[in-house]
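Subject: Structure handover

Hello,

Here is the structure for you to look through. My notes follow below it.

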Amino acid sequence: MKRTAVALAASALLLPLSACGGSAEAGSGSTVTVTVGYQSKTINTVTAGTLLRSLGYFEKQLNALHDGKTYKVDWQDYATGAPITAQMTAGKIDIGSMGDFPLLINAARGKQLGKPTHLVSVTGYNLKGGLNTVVVPPASKLGSLKDLKGKKVSTSVGSAADGTLVRALQRAGIDPDKGIEKLNQQPAVGASALSAGSADALSQFVAWPGLLAYQGKAKALYDGAELNLPTFHGVTAREDFATQRPAVLEAFLKAQAEATDYLNAQPVAAAEKVAKATGLPAEVVYLYNGAHGISTFDPAVKPQLVSALKQDVSVLKAAKLTGDIDVDSFVDDSYVKKALGAGYAKQLAATPPAAASEVWPKGETKTRSFTSPALLLAYVAQHKDGIRAAYVPDATTGTLWFADKAVWVADGKELLPFVAPDTARAYVAGHVGARVITYADALGRAS
């Protein structure tokens, strides 16, 4: 997309806001309404949105305050983070959740309008960047990012997925402004454009790439984890709200921690709940939110995530979406520290679970883990009609993917899965005798 189009997108983000919606402090006397903006289908924010809402933990925490107030929660669902930021700076949303790049725009917009916000916790993260993926149509002949030169690529400008696209193109030697025709589209619009043939590729965040792959409407071209840069989603709160009602914000963060514990303890049940609330297939939700999913859930604001946020500023500045951003003043983990108490240090030091292959058998409420992709394939081959979903981690990035959508490589007796064809080819090039095989061949070799 040309720089003029990017500038227009930036201008749109900076237009004055109209006073729409109800007051975040709606109600009089003893009644207080707390407005939470979330993205139901951005499923690595579910501990601060979809799952949290379905569990009712926030309402329970508010009822436990016993401060003479009656609290009501107004849950507002959006497709991306931009409208949540717009409503926050207008004083219409108190607490919101969004991805790392939208969080930075949230910080910049709040400071610009004199309505500062703060990052107060994290929802889901991936330390390598696997939450964002570039996909192409199933029959596409494009085999690597370099093939995108001169092509139409759909993404949401200012989103984490756009950040991944920009960085990935730069590493591939393609100017992200002039080397492709960037289509600035909402995720659903971009998905439709991909299916209709009006876009050659789609760069999007969780859960769109996995959903399209699961539906057979796309295949992965680039795994964001190849960047080896952390990506995450987090919770942002208005400074004035946090100052005026710290107990309410603390109640939210305690509830988020409870929802996180629930998801980590019961990942299948959590996936089913999110699926029911969003209409997404539970198998896709589990790909990202499962026991060994692409996303790790932990409310602690880890130093490596803050460091990644600082690196993201340059990408937004280059796109003229923001100026300089003081990340350190934007981050405020004091509320979540208080909410988690002595457990915060443990959360801060926690690391993602080791990658593992998993099968979700039909009719079961638990998945089965395997120590190698080959063992998973052997199980699948023996239970072909009894598999709801099978997941394998990329042999180089660790990103989980559907076994039947992965690119498989045979290296002697080893069977290795990859999310994208380029990483599979890179492995083959460095290992004599290794070669790309079909999924059916991989199953046959394992059985």
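In which loop is the place of Asn 228? Asn 228 sits in the loop between β9 (219–223) and β10 (231–238). Its phi is near 55°, a positive value in a residue other than glycine. Helices (H or I, at least four residues) and strands (E, at least two) are DSSP runs, numbered from the N terminus.

This is a predicted model, in which local features need pLDDT of at least 70 and side-chain atom pairs count only at pLDDT 80 or more, while totals for chains, interfaces and linings use all residues. Residues are numbered from 1 along each chain as its sequence is written, and side-chain values use heavy atoms, with hydrogens and water left out.

Other backbone points

His 66, in the loop between α3 (57–63) and β2 (70–77), has a positive phi of about 50° although it is not a glycine. His 66 counts as exposed because its relative accessibility is 72%; buried means under 20% relative accessible area, exposed over 50%, and partly exposed in between (1.4 Å probe, protein chains only). A cis peptide bond with omega of about 10° joins Val 206 and Ala 207. Ala 207 belongs to the loop between β8 (201–205) and α8 (208–214).

In β12 (residues 357–361), 5 of 5 residues are buried. Ser 357, Val 359 and Pro 361 point one way from the strand, and Glu 358 and Trp 360 the other way. Two strands pair if DSSP finds at least two bridges between them. β12 runs antiparallel to β13 (residues 368–370), with 3 bridges, and Glu 358 has Ser 369 as its bridge partner there. The hairpin of β12 and β13 has 6 residues between the strands, and Gly 363 takes a positive phi near 80° in it. β12 is also antiparallel to β14 (residues 387–393), joined by 4 bridges, with Trp 360 opposite Ala 389.

The sheet of β16, β17 and β18

These 3 strands form an open sheet in the order β17-β16-β18, with antiparallel pairing. The edge strands, β17 (414–418) and β18 (435–437), each pair on one side only. β16 (residues 407–411) and β17 share 5 bridges, and Val 407 has Phe 418 as its bridge partner in β17.

Helix α18 (residues 421–429) lies across β16, β17 and β18, at about 10° to β16. Helix α19 (residues 439–446) packs on the sheet, touching β16, β17 and β18, and its direction makes about 95° with that of β18. Contact means heavy atoms within 4.5 Å; axes are lines fitted to C-alpha atoms, for helices over the stretch in contact, and angles run from 0 to 180 degrees between N-to-C directions.

Regards
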